[in-house]
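Have the structure open as you read.

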Amino acid sequence: MRFDVKKYITDIAVVAPDKLLISNIQTHYYWGVQLVVNRKGKLLREEQLQITPGRLCLTDRNTVAMLMEADEIQMIQVKDKTLTLGTVVTVGKHVCGITSSGNTLVVSYKKKPWLEKVSMDGTVLNQFDIRGNPKHFVSPFFMCTTPDGSVFISDNGTNNITQVDESLNLLQTFTSPLLMKPYGITALTEDQILVCSQGNDSIVLLQPSTNTVTTLLGKEDEICSPYSLTHCADQRKLYVTSYCTDTIKVYQTV
């Protein structure tokens, strides 16, 4: 399925069973977010921005947190066919990833402290304990949160997936030949984590309880250089974007 969007999609989020929010729809002269109906890719609303947007995460059914280039988080209210830019939260320098955890946010950085848990006003609540792990991360660009509060971090610099608890304590690190340049990551359940393995042109399934990684979708499913993904539990659909394209591919999940 091809959507009515501009190129270079950085992230997508399901904001209702029939609606997607798309960020970093970027050319050299355009930055913005778009709200589209996902059945036909019809554009409902578009907001042009003055600065480059990046990762997205839902904080509740009507609110999306969006990372901005200037080390800020832009809150966006989504209701019916409208987008409303809300408060802006300032975070540390070199922020690169975001996910929500209850009524707080977890952000990742390109440099130490690597991970921080922050309140909705930007107050730092917890940091990743770098003692003994000063180089644990390199490029932790994408994250997701499971129903039990665990956070999974995808790092395309180390080819690893890291799991931390709600207080950002290290739980597990997952490696596999199937994890090559991992980018987008999303949790279907506590034990079903989907990852974009860009180096293998595939979407892989990580099952933490058994420490297993298997290929879910590959080249035969028209997966090429996957970059970000999200899923809609209500419709059991998986949405996948590829690097530097304007196409969102839709797959049915079980």
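## A charge over a ring

This is a predicted model. Start at Arg 55: its charged end sits over the ring of Phe 142, 4.2 Å from the ring's centre.

Which residues share an aromatic cluster with Phe 142? They are Tyr 183, Tyr 227 and Tyr 243, and together with Phe 142 they form one cluster.

## Rings in pairs

How many aromatic pairs are there by the rule used here? The count comes to seven. One of them joins Trp 114 and Phe 137, whose ring centres are 6.2 Å apart, with 50 degrees between the planes, so this pair counts as tilted. Trp 114 lies in the loop between strands S10 (104–109) and S11 (115–118), while Phe 137 lies in the loop between S12 (124–127) and S13 (142–145), so the pair ties together parts that are 23 residues apart in sequence. Both Trp 114 and Phe 137 are buried.

Tyr 183 belongs to strand S17 (residues 182–189) and Tyr 227 to strand S21 (residues 226–232), so here the link is between parts 44 residues apart in sequence. Are these two tyrosines buried or exposed? Tyr 183 has 11% relative accessibility, so it counts as buried, because the cut-off is under 20%. Tyr 227 also comes out as buried, at 11% relative accessibility.

## The largest pocket

Next, look for open space. Rolling a probe the size of a water molecule over the atoms shows where empty space is left. The largest pocket has a volume of about 1100 Å³. It is lined by 42 residues, and the closest to its centre are Val 14, Leu 58, Thr 186, Thr 230 and His 231.

Which strands each supply at least two residues of this lining? They are S1 (11–16), S5 (53–60), S9 (95–101), S13, S17 and S21. As for the kinds of residue, the lining divides into 22 nonpolar, 12 polar and eight charged.

## The whole chain

Finally, zoom out. The chain has 23 strands and zero helices. Of its 254 residues, 53% count as buried. Take the contacts between residues at least 6 apart in sequence: 38% of these join residues at least 24 apart.

Note on methods:
Residues are numbered from 1 along each chain as its sequence is written. This is a predicted model: local features need pLDDT of at least 70, side-chain atom pairs count only at pLDDT 80 or more; totals for chains, interfaces and linings use all residues. Side-chain values use heavy atoms; hydrogens and water are left out. Rings of Phe, Tyr and Trp (its six-membered ring) pair if their centres lie within 6.5 Å; planes under 30 degrees apart count as stacked, over 60 as edge-to-face and the rest as tilted. Helices (H or I, at least four residues) and strands (E, at least two) are DSSP runs, numbered from the N terminus. Buried means under 20% relative accessible area, exposed over 50%, partly exposed in between (1.4 Å probe, protein chains only). A charge sits over a ring if NZ of Lys or CZ of Arg is within 6 Å of the ring centre and within 35 degrees of the ring normal. On a 1 Å grid over the protein atoms alone, a cavity is a set of points where a 1.4 Å probe fits but cannot get out, and a pocket is an open set with protein on both sides within 12 Å along at least five of seven lines; lining residues have an atom within 4 Å of a point. Grid points are joined across faces, edges and corners, and a volume is the space filled by probe spheres set on the points. Ala, Val, Leu, Ile, Met, Phe, Trp, Tyr, Cys and Pro count as nonpolar, Asp, Glu, Lys and Arg as charged, and the others, Gly among them, as polar. Contact means heavy atoms within 4.5 Å.
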